[in-house]
Every structure is written in structure tokens, then in C-alpha cells.
Amino acid sequence: MDSKKAISSSKGLLQSEELYQYILETSVYPRELEPLRELRMLTATHPRAMMATAPDAGQLMAMLLKLVNAQKTIEVGVFTGYSLLLTALSIPKDGKHGNEGSFDFAFVDADKVNYWNYHERLMKLLKVGGIAVYDNTLWGGTAALPEKSTPENMKAGRQLTIEFNKLLAADSRVQISHASLGDGITICRRIY
């Protein structure tokens with residue numbers, strides 16, 4: 001399998017697969033560490049490979065980890081471990097787990113029905129200035145579609161995603177940014 005194609009054709013909300021490949025080939029793959037590339041390639045052979053963290057979203061997460069000098073991180077939901085390995089490779093060797101108010105960074109890619117529960121708990125675990133990243137917050141682009149245009153198998157997830165996005169938008173404890181990487185990620189910075 002071509003390393004440049006592994007876990008890319010079903011990722012991203014861009015209208016053009018060629019544009020997505022261009023982004024991957026010019027900014028993501030040239031800097032992707034070998035253990036991440038190997039895991040991405042292995043994950044591409046899995047029947048549920050579309051559940052993996054998109055490499056471009058992973059690249060942004062790595063930058064966020066460096067920007068906040070993350071040493072204490074938490075991850076909720078792991079598929080084959082790409083984002084977990086990326087985190088481990090991005091934080092200092094002395095990075096570790098901590099207690100309430102001491103985490104620098106969190107990544108959530110778990111059951112969508114509990115996203116708000118995870119968010120509430122993370123607001124206690126993250127320190128002020130800490131970052132929480134939530135995956136799949138555009139739900140394949142269906143969050144912006146009328147319900148009647150949404151495939152039946154995506155309707156429940158779409159509704160949960162819309163509700164979660166509305167709750168985040170109203171949460172004064174965080175500054176948010178929605179990024180259309182992968183299946184949509186929302187970056188939240190705890191401000192108090």
C-alpha cells in the first residue's frame with residue numbers, strides 16, 4: 001500500500017481529494033515521524049480504518065502540544081493509538097499524569113453520547129490555559145446538512161454532534177475554534 005494514500009481517502013471534509021492529498025504530501029507526510037507513519041500504514045489495513053485520527057488533525061495536535069508545552073496529558077478513546085503515540089512523541093520525556101487542575105492537554109475521540117460528560121470532567125482536570133481537542137465534531141459534514149439529507153445511519157450521531165457543538169458554543173469557560181480537519185475537530189482552551 002502506498003504510504004501517501006494510507007488513511008487519507010476517507011478523511012477530510014475538503015471538496016477535492018487532490019487538494020487533501022496536496023496538503024498531506026506538502027506539510028504532513030514530510031514531517032511525520034517514522035513510528036507514526038508505520039502505525040498509520042498498519043491501521044490502513046484495518047476494516048474500520050476510517051475511525052483513525054486523520055494525519056492532518058494529528059499534525060495540528062502535535063503543534064498544540066508544543067505550543068502549550070504540554071507535560072501532563074489525557075486521552076479519552078483510543079482506536080489503534082495514532083493520536084496517543086503522537087502525544088507521547090510530542091511531550092517531554094518527563095511528561096506524566098496528574099490531578100485535577102493539572103493537565104495541559106486532552107484529546108477526546110470516544111462515544112459521542114458522552115462527549116458533554118467528558119467535557120465537564122475535563123474542565124476540572126485541565127488547568128487554566130489547558131487545551132481540549134474533540135474529534136468528529138462535524139460528523140462527516142452532516143452537522144451542517146438538513147436532517148432529511150443525512151444518511152439514516154448517521155442521523156443519531158449528527159444530532160449528538162449538533163447538541164454538543166451548541167453546548168460548547170455556550171460554555172463561557174472555554175475559547176473555541178472549529179477546524180475542518182479530518183472529520184472536524186473542536187479545540188477548546190480553558191479560560192477559567
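Two strands count as paired if DSSP finds at least two bridges between them, and helices (H or I, at least four residues) and strands (E, at least two) are DSSP runs that are numbered from the N terminus. The model shown in these views is predicted, with local features needing pLDDT of at least 70, side-chain atom pairs counting only at pLDDT 80 or more, and totals for chains, interfaces and linings using all residues. Residues are numbered from 1 along each chain as its sequence is written, and side-chain values use heavy atoms, with hydrogens and water left out.

**View 1. The chain as a whole.** Six helices and five strands are present in the chain, and from the N terminus on they follow the order α-α-α-β-α-β-α-β-α-β-β. Of the 192 residues in the chain, 44% are buried, where buried means under 20% relative accessible area, exposed over 50%, and partly exposed in between (1.4 Å probe, protein chains only).

View 2. The five strands form an open sheet in the order 1-2-3-5-4, with mixed pairing. Strand 1 (73–76) and strand 4 (174–179) stand at the edges with a single partner strand each, so one side of each is left without a neighbour in the sheet. On average, neighbouring strands of this sheet are turned by 15 degrees against each other, direction ignored; axes are lines fitted to C-alpha atoms, for helices over the stretch in contact, and angles run from 0 to 180 degrees between N-to-C directions.

**View 3. Strands 4 and 5, with helix 6 across them.** Strand 4 pairs with strand 5 (residues 185–190) in the antiparallel sense over six bridges, and Gln175 stands opposite Arg189 in strand 5. Helix 6 (residues 155–170) lies across strand 3 (126–135), strand 4 and strand 5, and runs at about 140 degrees to strand 4.

**View 4. The buried face of helix 5.** In helix 5 (residues 115–125), the buried residues are Tyr115, His119, Leu122, Met123 and Leu125. Seen down the axis of helix 5, these residues fall within an arc of 160 degrees, so they line one face of the helix; the arc is that of the directions from the helix axis to the C-beta atoms. The buried residues of helix 5 pack against strand 1, strand 2 (103–108), strand 3, helix 6, strand 4 and strand 5, contact being heavy atoms within 4.5 Å.

**View 5. Ala62 and Ser90.** Ala62 belongs to helix 3 (residues 55–67) and, at 19% relative accessibility, counts as buried. Although Ala62 and Ser90 are 28 residues apart along the chain, their C-alpha atoms are separated by 6.0 Å.
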